[in-house]
Amino acid sequence: MTEFLGHFHPLLVHLPIGFLLIGLLLQFLSSKGKYASLKPAIPIVLLWGTIAALASCITGYLLSISDDYDKDLVSWHMWMGIGVALVSLMLYAKERNPAFAIDKRILSIGLLILVFVTGHLGGSLTHGSDYLSKPLRNIFSDDTTANTTIKPISNVQEAIAYNDIIKPILQTKCYSCHNANKQKGGLRMDDSLKLMHGGKDGKIIEPGNADASEMIKRLLLPVDNEDHMPPKEKPQPTEQQIALLHWWISNNADFTKKVKELNQPDKVKPVLLALQKVTEIKK
């Protein structure tokens, strides 16, 4: 039940942002003579913004204890969210009773800052701490990892199997849910040691035995199966990518060896060779 209610947080969290920003906009406009008629609407909008902020705080807390996120980042996000709810409540009280002994301008500016800070922290939890800078890096950088499934490799036999082949697959298909800020199922995949350690349900990789590895089992489940990974709404790996993951795990999931040092069954050779011809494959 806790997890069910917590999952309403992403649905509710945008409501206070909208209500409160509209309330602040109405405040600003109503200070102008020709928009003075907007004043009666301000307390109503702020009240609904406060209610939505409180609901977001409750569901956000429930979500934080039912899933695995970076504790420090969650803590900051939570307290900033509580700050939004409290300041919006005080601003509502000030609108209803001008005699309330707090400067309205300070409350308004403080609320605006809190809304943006809380939203930024929420975005960092959901999409990673670089969610704002990453698109700019993709525009101004020649690194195509974010736009391709696997980086082109000039000589695949000289490539480091994990760094040049496996890691890009994990980056584009797995890191969004299993990273430093968010570890669904207690699993972190952007760190090699933590990847091999596994999550709450145990190891996901059995070196030398790909068929027994939970990672491969879940990749091969029907997309509609609730245990299938990645979730069906996320970009799915191709058959070739799954074959490469299977091949790497079968070779003891080695993090240092070059491709030429690993066993290459006939069925995986053309898949490896094709990596030299990759140009731009969208996620």
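This note goes through salt bridges in a predicted model.

1. Overall count. The structure contains seven salt bridges. Side chains of opposite charge can pair when their charged atoms come close.

2. K104 and E95. K104 is partly exposed, at 36% relative accessibility. E95 has 17% relative accessibility. That is under 20%, so E95 counts as buried.

3. K260 and E158. A salt bridge joins these side chains at 2.9 Å, N to O. The pair links distant parts of the chain, 102 residues apart. K260 sits in the loop between α11 (239–250) and α12 (269–274). E158 sits in the loop between α7 (133–140) and α8 (161–173). Both ends are partly exposed: K260 has a relative accessible area of 46%, and E158 is at 36%.

4. E214 and R218. Here the closest N and O atoms of the salt bridge are 3.1 Å apart. Both residues belong to helix α10 (residues 214–220). They are four residues apart, about one turn of the helix. E214 is partly exposed, with a relative accessible area of 30%. R218 is also partly exposed, at 22% relative accessibility.

5. Which residues do salt bridges with shared partners join into one network? They are E158, K258 and K260. Two of these names, K260 and E158, are the pair from point 3.

Technical notes: Residues numbered from 1 in each chain as written. Predicted model: local features only at pLDDT ≥ 70, side-chain atom pairs only at ≥ 80, totals over all residues. Heavy atoms only, no water. Salt bridge = Lys/Arg side-chain N within 4 Å of Asp/Glu carboxyl O. Buried < 20%, exposed > 50% of the residue type's maximum accessible area, 1.4 Å probe, protein only. Helix = DSSP H or I, 4+ residues; strand = E, 2+ residues; numbered from the N terminus.
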